[in-house]
Amino acid sequence: MAVSDTLVQRTPQVNQFLSIPRKMLIGGQWVEAASGKTWPVYDPATGQVIAHVAAGEKEDVNRAVQAARRAFESGPWRSMSPSARGRLMTKLADLMEEHAEEFAQLETLDNGKPITVARAADVPLSIDLFRYMAGWTNKIEGNTIPLSLYTPQTYFAYTLREPVGVVAQIIPWNFPLLMAAWKLGPALAAGCTIILKPAVETSLSALLLGDMIQEAGFPAGVINILTGNGPQAGGPLAAHPDVDKVAFTGSTEVGKMIVQAAIGNLKKVSLELGGKSPNVVLADADPELAIKGAAHAIFFNHGQCCCAGSRLYVEDKAFDKIVSGVADEAKKIKLGSGMDATTEMGPLISDEQFRRVTGYLDVGTAEGARALSGGKRYGEQGYFVEPTVLVDVKQDMRVVQEEIFGPVLVAQPFKDIEDVLSKSNDSIYGLGGGIWTNDLARAHRIAAQLQTGTVWINCYDVFDAALPFGGYKQSGWGREMGHEVLENYTEVKSVCIRL
């Protein structure tokens with residue numbers, strides 16, 4: 001089959017969407033930036049401009065926050081029954097499903113990921129998240145509290161769990177639609193109003209979601225979508241005195257800036273940040289399963305995953321077989337445009353990220369690392385980097401300690417469980433981790449001692465709306481998904497009545 005025969009043709013709806021400069025959704029209306037400025041949107045496979053979005057700044061932040069505040073204080077959202085909110089969320093999910101192909105194509109064009117991945121993972125998981133969280137709207141409960149120093153006939157005490165208020169949500173470019181769903185779903189379920197700021201590189205799917213939000217019938221101002229870059233839009237949003245809560249997903253470096261910005265009014269903060277996740281392969285593991293699993297753990301989404309299994313630790317007697325197997329898998333991966341249905345790995349998101357990742361490859365080589373596969377740029381156009389496996393690395397090397405956020409794996413042998421636990425936990429991060437073994441006792445022992453928010457055993461990157469996700473150490477505060485995420489968007493009020 002010729003390569004041209006495998007290219008996915010854009011739907012007429014996608015072509016129409018891209019042909020018009022995209023505005024921001026503020027107070028139920030699509031509006032231009034107050035300055036009139038726009039940002040170009042690039043296809044990372046070609047480096048060509050495919051669309052323009054409004055370049056929001058401080059004045060636009062103020063407008064969006066005011067709209068969210070009005071919707072929270074005096075709009076119909078707060079007085080709406082929980083079941084009615086849930087029905088709106090379910091309707092949104094249904095509309096997303098009707099437009100699934102448009103979402104998948106925009107995600108691929110905007111982010112560069114393979115269309116097959118967008119169709120199979122990003123879009124279905126996003127839809128499922130809204131449906132799952134819709135079920136929580138009428139299950140957010142308080143408790144009755146038996147006071148310890150008083151008889152039951154003296155006082156009656158109970159708690160209420162209430163929405164935190166106006167929420168600013170700042171999301172990254174690696175999973176644009178899914179991160180929007182992770183943030184919007186629980187905040188809506190809790191009864192909050194929202195200003196969503198997608199990454200400036202990947203705003204398109206969030207703006208299409210805005211069309212669905214309007215069609216579903218959400219009241220004006222409940223969800224506002226503000227486009228723009230970090231310094232001009234994200235910074236003022238995080239610092240805004242009328243925002244009650246900021247939820248951020250992105251790098252640890254920017255997460256620390258978010259915390260500083262929140263100091264002014266001590267707004268609540270939740271953070272899902274970076275990672276340098278260990279992936280541990282014991283000698284008794286099924287070699288074929290471990291090899292394919294380790295390759296998936298690092299190369300999925302071009303390695304642009306916060307929880308990517310980027311540090312591979314293999315028991316010494318199995319090291320050569322497993323690592324050479326992963327390198328062979330890396331060499332088989334087909335790189336190309338995400339709109340080619342046969343592509344298995346697309347480009348990195350931007351020239352900036354391309355330079356970051358290739359810079360780390362240069363650093364690794366200078367420090368003495370050796371590439372068993374990859375190690376350089378792929379092709380002459382777009383932001384492609386070869387899937388890379390580095391060996392001869394030491395624990396103190398930058399490529400081992402620092403998050404690269406690209407398709408670069410560092411592999412080391414280990415002697416025993418104590419050795420691998422020491423190496424695995426020798427990190428400022430603690431987001432994800434994997435264990436490959438047929439010995440469940442050893443798997444449980446290692447899982448219990450890994451300092452990380454998620455541990456996958458004989459699998460990797462298994463996500464579900466019901467399964468909480470978040471990090472230890474500098475990988476973040478709080479949890480996404482599951483019922484735990486509702487802690488991020490609610491306040492607890494104690495009420496005590498004298499009888």
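Modeller: Start with strand β13, residues 311–315: it is mostly covered, with five of its five residues buried. Keep in mind that this is a predicted model.

Colleague: Which residues of β13 lie on each side, and are they buried or exposed?

Modeller: Arg-311, Tyr-313 and Glu-315 are on one side, Leu-312 and Val-314 on the other, and all are buried. Side chains in a regular strand alternate between the two faces of the sheet.

Colleague: How do you know that β12 and β13 pair?

Modeller: Pairing needs at least two bridges. Four bridges join strand β12 (residues 278–281) to β13, and the two run parallel. Val-281 stands opposite Val-314 in β13.

Colleague: What pairs with β13 over five bridges?

Modeller: Strand β16, residues 408–414, in the parallel sense. There, Leu-312 stands opposite Ala-411 in β16.

Colleague: How many salt bridges does a search of the whole structure find?

Modeller: It finds 24.

Colleague: Why is the contact of Arg-119 with Glu-101 called a salt bridge?

Modeller: The cut-off is 4 Å between a side-chain nitrogen of Lys or Arg and a carboxyl oxygen of Asp or Glu. Here the closest N and O atoms are 2.8 Å apart, so Arg-119 and Glu-101 qualify. Arg-119 lies in helix α6 (residues 115–134) and Glu-101 in helix α5 (residues 100–111), so the pair ties together parts 18 residues apart in sequence.

Colleague: Why is Arg-119 called partly exposed?

Modeller: Buried means under 20% and exposed means over 50%. Arg-119 has a relative accessible area of 37%, so it falls in between. Glu-101, at 28%, is partly exposed too.

Colleague: What makes Glu-491 and Lys-268 a salt bridge?

Modeller: Their closest N and O atoms are 3.1 Å apart, so the pair is within the 4 Å limit. Glu-491 lies in strand β22 (residues 490–498) and Lys-268 in strand β11 (residues 268–272), so the pair ties together parts 223 residues apart in sequence.

Colleague: What separates Asp-351 and Arg-355 in helix α13?

Modeller: About one helical turn, because they are four residues apart in helix α13 (residues 351–367).

Colleague: Which residues do salt bridges with shared partners join into one network?

Modeller: Arg-69, Glu-73, Arg-78, Asp-242 and Asp-244.

Notes: Residues are numbered from 1 along each chain as its sequence is written. This is a predicted model: local features need pLDDT of at least 70, side-chain atom pairs count only at pLDDT 80 or more; totals for chains, interfaces and linings use all residues. Side-chain values use heavy atoms; hydrogens and water are left out. Buried means under 20% relative accessible area, exposed over 50%, partly exposed in between (1.4 Å probe, protein chains only).
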